Amino acid sequence: MAFNLSTWSTAKYTHSFTTDEGNPYILEIHEDEFVATSTPIELVGRSAIETRWTHDGENEYGETITSETIVSLYDDGFSLVSDLEAQLDTIVNKYLLVIRSGDNLKWVGRIDPESLYFEEDGPVKLTFSATDGLGRLSTAPYTDDTDGTPLAAGSVNLITVIADVLGATGFGLDFYVSSSLYHRVSGLLTSNGGDAKCPIEYTWVNKLAFTNQEKGKSQGMVSSLDVLRAICAAWTLKLFQADGAWHLTQANHFAKSSYRRWRYNSVGTGVTADGSNL
């Protein structure tokens with residue numbers, strides 16, 4: 001798949017709007033490998049775009065906060081309706097819904113084919129929703145290979161595991177990790193800044209820890225989402241998407257005005273080596 005979320009060249013449909021607070025935004029529907037000129041679309045009223053975040057299963061103590069954007073629009077020429085209808089089987093992989101402010105990505109998600117609804121009489125009102133991709137990870141096994149081969153033994157740091165799993169969403173987003181914990185300053189950490197380093201990056205685990213191994217039975221795979229939940233539960237983190245990135249935020253930091261966090265790119269390479277205060 002090839003979506004351009006840096007120069008936005010794969011945007012096939014676009015709409016500019018201003019929030020009630022006066023902030024300008026752009027909504028785009030990106031098509032895989034699209035290279036032509038984008039087509040303007042018209043939304044329906046002031047409440048035509050709604051992004052909402054929901055605790056996992058309505059459990060405020062859960063490890064994930066999923067997000068969804070609902071869009072209602074007019075499509076006088078049926079072009080968007082025709083596009084989406086023709087690709088019902090592949091729509092999840094073929095299209096992305098993007099919200100940005102200038103060149104700053106704010107949110108991205110995949111269109112849910114079961115959410116498509118339109119009225120044929122009069123101006124076509126098309127309604128659909130897009131989700132942040134975390135739900136797809138619940139059916140994606142955590143494995144070394146795309147052919148479903150079980151994990152091989154081997155130690156990796158937890159940042160690598162997080163990057164691998166979030167990479168399965170296909171968005172290529174950076175991610176932030178916050179923590180008030182730190183390892184004792186000694187050995188490797190002494191020469192690398194000690195407590196200024198992200199403790200999760202300096203915590204290693206055997207990948208076989210993320211398997212379903214029952215006595216007397218063969219090794220079984222667990223879902224990628226279960227892997228993220230296990231890491232978040234161990235480090236009291238909450239995972240969500242916002243402002244064009246994934247965030248793994250220590251739960252009590254939601255009530256703090258300032259805390260330290262570390263930024264990593266989509267493959268797990270540190271962007272802020274010693275963290276930065278938010």
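**Figure 1. Thr 236 in the loop between helix H6 and strand E16 of the predicted model**. Helix H6 spans residues 224–234 and strand E16 spans residues 237–242, with Thr 236 placed in the loop that lies between these two elements. Although Thr 236 is not a glycine, its phi is positive, at about 50°. The relative accessibility of Thr 236 is 46%, so this residue counts as partly exposed.

**Figure 2. Asp 243 in the loop between strands E16 and E17**. Asp 243 has a positive phi of about 50° and is likewise not a glycine. Strand E17, which covers residues 245–250, has the highest mean pLDDT among the elements of the protein chain, at 97.

Figure 3. The side chain of Ser 138 reaches the backbone oxygen of Gly 135 at 2.5 Å. When neighbours within four places in sequence are left aside, Ser 138 is in contact with Ser 223 and Leu 225. The C-alpha atoms of Ser 138 and Ser 223 are 5.4 Å apart in space, while the two residues are 85 residues apart in sequence. Ser 138 is partly exposed, because its relative accessible area of 40% falls between the 20% limit for buried and the 50% limit for exposed residues.

**Figure 4. Helix H5 and the confidence of the prediction**. Helix H5, formed by residues 188–191, has the lowest mean pLDDT among the elements of the protein chain, at 52. For the protein chain, the mean pLDDT is 84, and 82% of the residues reach 70 or more.

Definitions and conventions:
Residues numbered from 1 in each chain as written. Predicted model: local features only at pLDDT ≥ 70, side-chain atom pairs only at ≥ 80, totals over all residues. Heavy atoms only, no water. Buried < 20%, exposed > 50% of the residue type's maximum accessible area, 1.4 Å probe, protein only. Contact = heavy atoms within 4.5 Å. Polar contact = N/O pair within 3.5 Å; in protein donor to acceptor, adjacent residues only side chain to side chain. pLDDT = per-residue confidence, 0-100. Helix = DSSP H or I, 4+ residues; strand = E, 2+ residues; numbered from the N terminus.
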